[in-house]
Amino acid sequence: MTSDVMASSEGPPLSVRTERLGATVLVVVGGEIDLLTAPRVRAAGAEVLRERPSRLVLDLTDVVFLASAGLEAMVSLRDEAGEATELRVVAGGTATLRPLEITGLTEVLDVYRTREEALGRN
């Protein structure tokens with residue numbers, strides 16, 4: 001099952017697509033994650049977490065800007081996932097990996113450089 005969400009004309013461009021791959025749910029995000037769009041990313045992740053999949057992979061490969069609100073959304077999702085769901089983040093580009101490194105979140109979140117690595121398909 002796949003679903004898409006696009007930003008309205010009032011906010012920065014953002015796309016969110018959800019794919020179910022067995023016990024893993026992949027949430028693919030593209031565009032800008034800032035104060036206006038971070039709640040949409042968090043809502044998409046929270047919706048998935050209500051189903052309690054064994055793994056949630058948040059793929060930020062197509063994200064071109066990641067603000068602190070987006071970082072907070074990821075920490076919130078990790079807290080919500082708890083022990084029930086393993087949260088993995090794909091952040092291989094400078095726009096996503098650098099903010100995670102600077103804030104020390106690479107020590108808190110399970111961060112992978114590619115979707116294949118995060119899905120366990122090395």
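This is a short walk through one chain, stop by stop, for you to follow in your viewer.

**Before you start**

The model is predicted, so local features are given only at pLDDT of at least 70 and side-chain atom pairs only at pLDDT 80 or more, while totals for chains, interfaces and linings use all residues. Residues are numbered from 1 along each chain as its sequence is written, and side-chain values use heavy atoms, without hydrogens or water.

**Stop 1: the whole chain**

Show everything as a cartoon. You will find four helices and six strands, where helices (H or I, at least four residues) and strands (E, at least two) are DSSP runs numbered from the N terminus. Follow them from the N terminus and the order reads β-β-β-α-β-α-β-α-β-α.

The chain exposes about 6,300 Å², with carbon and sulfur atoms supplying 50% of it; accessible areas come from the Shrake-Rupley method with a 1.4 Å probe, and for residues only the protein chains shown count as cover. Of the 122 residues, 45% are buried, meaning under 20% relative accessible area (1.4 Å probe, protein chains only).

**Stop 2: helix H2**

Select residues 68-81. This is helix H2, 14 residues that span 20 Å from first C-alpha to last, close to the 20 Å expected at 1.5 Å a residue; the expected span is 1.5 Å times one less than the number of residues.

Which residues of H2 are buried? Color Ala 69, Gly 70, Leu 71, Ala 73, Met 74, Ser 76, Leu 77 and Ala 81 to see them. Their cover includes strands E3 (24-33), E4 (55-66) and E5 (86-90), along with helices H1 (38-49) and H3 (94-102). Step just past the end of H2 to Gly 82, which takes a positive phi of about 55°.

**Stop 3: Arg 55 in strand E4**

Next, pick Arg 55, a residue of strand E4. Is Arg 55 buried or exposed? Arg 55 counts as buried because its relative accessibility is 19%. Leaving out residues up to four places away in sequence, Arg 55 is in contact (heavy atoms within 4.5 Å) with several residues, among them Ala 23, Thr 85, Glu 86 and Leu 119.

**Stop 4**

Asp 59 is buried, with a relative accessible area of 1%. Beyond four places away in sequence, Asp 59 touches Leu 26, Val 27, Val 28, Val 29, Val 90 and Arg 115. Finally, show the side chain of Thr 61: a polar contact of 2.5 Å joins it to the side chain of Asp 59. A polar contact is a pair of N or O atoms within 3.5 Å; within protein, one must be able to donate a hydrogen and the other to accept it, and residues adjacent in sequence count only if both atoms are side-chain atoms.

How values were computed. Buried means under 20% relative accessible area, exposed over 50%, partly exposed in between (1.4 Å probe, protein chains only).
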